[in-house]
Amino acid sequence: MSRDITILHDLAARYVDICNQLVNDERRDLWRRHNSLERTRPLVLCNWLATWYEAAESKTECEDPFYRAHETWLRQRLFQDSIGDDQIFEPFITQRASLYSPPHSHWGVPYGRIRGDVPGGSWKNDPPLHNLRDLSMLAAPRHEVNEEATARNVARLQDAVGDLLEVSVDRAPLWSGWNADISTDLGYIRGIDTFMLDMYDDPEGLHKLVGWMRDGILRVQDEAEAAGDWSLCNHNNQAMCYAKELQGPKANTPCKREDLWVFFSAQEFTLVSPRMHDEFLLQYQISLMSRFGLSAYGCCEDLTEKIDMLRQIPNLRRIGVTPRADVRRSAEQIGEDYVFSWRPNPSEMICCGFDPEHVRKVVRDAMEASKGCHVDITLKDVQTVEHDTSRLRRWVETVRSVTDDYA
């Protein structure tokens with residue numbers, strides 16, 4: 001057995017112990033009820049943490065990039081368990097299928113980036129589609145799995161940890177997740193400032209582009225469903241993917257899109273009016289979201305003025321309430337109709353010092369403003385904890401010292 005496999009196997013054994021904890025079943029029940037709009041205590045998550053990499057990736061030991069990627073994921077899961085939030089740990093490890101992808105990007109064009117002088121610093125988008133009416137440079141999506149490469153990778157992972165964890169093969173189309181919400185790639189392809197001008201200067205051309213993207217995504221997702229390539233491992237709602245209406249996450253269990261959670265957002269449309277957001281994006285997104293069982297909407301964009309618009313989504317269940325959103329006004333509009341997924345400002349919570357009393361005040365104010373709602377709280381997009389990862393667990397404990405009064 002190679003050293004890489006030994007490392008991976010040892011980590012997998014530790015992860016299995018976490019998956020076998022009874023608290024996972026308790027959390028499954030809580031999330032299932034919560035996402036089905038039943039009363040539970042407010043649930044708490046820490047997700048999308050750059051600190052995963054501070055705590056996990058920097059410690060990777062595997063030399064082979066294939067094993068190192070899975071090692072990183074396992075170390076992240078072990079670190080996540082130390083936080084003590086309401087995360088559920090599923091007893092499988094996922095290997096992505098090898099899928100066809102056009103050159104440069106999944107739309108066949110390079111996503112230009114103008115980088116600054118600071119290594120690892122910010123960059124500016126340099127969109128490639130200069131002529132809105134010329135879509136010939138874009139590649140039409142198609143769903144195609146390289147079975148030989150997929151089988152080879154699955155066998156390697158199976159040989160390493162298959163005696164401990166089921167290896168789940170993710171065969172979902174490349175055009176899913178962030179690659180399927182239209183908004184993300186529209187920003188990369190056309191540019192946010194440019195497509196905002198297109199709404200006035202060439203609305204017909206913008207509709208043509210967005211419609212072409214929508215049709216391509218819909219077609220490739222249909223192809224994947226016809227091939228039996230959607231699975232219960234493909235749930236996505238930016239939280240825990242449980243609800244009474246749907247089966248929970250599971251390895252190697254083919255399903256249809258109507259059996260899955262789907263997540264969509266419109267971060268690039270933050271400064272676009274509700275009317276134009278609806279016309280140039282949401283109507284196209286609904287065509288995709290409505291094929292799924294339940295949907296969640298909103299990542300980092302302020303949706304305070306757009307909640308009424310979102311009611312058009314037929315299977316909407318969760319709405320993101322971001323750091324810039326008006327918590328009280330959002331709560332008044334969401335009420336008991338949807339899950340109120342509040343995301344406090346990570347800079348205020350944990351990134352620039354940690355003041356438990358201030359955290360309690362912010363959380364208490366938000367809980368008072370959202371009384372009557374089905375609330376969960378997600379600390380996300382944490383870029384740093386100033387090398388003090390213990391803050392994450394302390395933050396969870398501090399938040400619960402407030403939310404326990406609202407159970």
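Author: Here is a walk through the spaces, then the packing and the charged pairs around them.

A quick word on the ground rules: this is a predicted model, in which local features need pLDDT of at least 70 and side-chain atom pairs count only at pLDDT 80 or more, while totals for chains, interfaces and linings use all residues. Residues are numbered from 1 along each chain as its sequence is written, and side-chain values use heavy atoms, with hydrogens and water left out.

Let's start with the open space. The largest pocket has a volume of about 1,500 Å³. It is lined by 44 residues, and the closest to its centre are W48, W73, C233, H235 and N236. A pocket here is an open set of points on a 1 Å grid over the protein atoms alone, with protein on both sides within 12 Å along at least five of seven lines; a cavity is a set of points where a 1.4 Å probe fits but cannot get out, and lining residues have an atom within 4 Å of a point. Grid points are joined across faces, edges and corners, and a volume is the space filled by probe spheres set on the points.

At 1% relative accessibility, W261 counts as buried, where buried means under 20% relative accessible area, exposed over 50% and partly exposed in between, using a 1.4 Å probe and protein chains only. Between W261 and L246 there are 15 residues in sequence and 8.2 Å in space, C-alpha to C-alpha.

Searching the whole structure turns up one cavity of 30 Å³ or more. The largest cavity has a volume of about 40 Å³. Its lining is made up of N237, Q238, F263, A296, Y297, G298, R318, I319, G320, S341 and R343. Both β7 (294–297) and β8 supply at least two residues of that lining, and β8 gives the most, with three residues.

Two residues of that lining lead us on into the packing. What does W395 touch? Setting aside neighbours within four places in sequence, W395 is in contact with V44, L45, C46, P344, M349, I350, F354, V359, I377 and L379, contact meaning heavy atoms within 4.5 Å.

H34 sits in helix α2 (residues 23–34), and with a relative accessible area of 1%, H34 is buried.

Last stop, the charged pairs. There are 35 salt bridges, counted when a side-chain nitrogen of Lys or Arg lies within 4 Å of a carboxyl oxygen of Asp or Glu. One of them joins E61 and R75 at 3.5 Å, N to O. This pair ties the loop between α3 (51–55) and α4 (65–83), where E61 is, to helix α4, where R75 is, 14 residues apart. E61 is partly exposed at 39% relative accessibility, whereas R75 is buried at 15%. Both belong to a network of salt bridges that also links R3 and E71.

Another salt bridge joins R96 and D170 at 3.4 Å, N to O. Here R96 lies in strand β2 (residues 92–96) and D170 in strand β5 (residues 166–170), 74 residues apart. R96 is partly exposed at 31% relative accessibility, while D170 is buried at 14%.

How values were computed: Helices (H or I, at least four residues) and strands (E, at least two) are DSSP runs, numbered from the N terminus.
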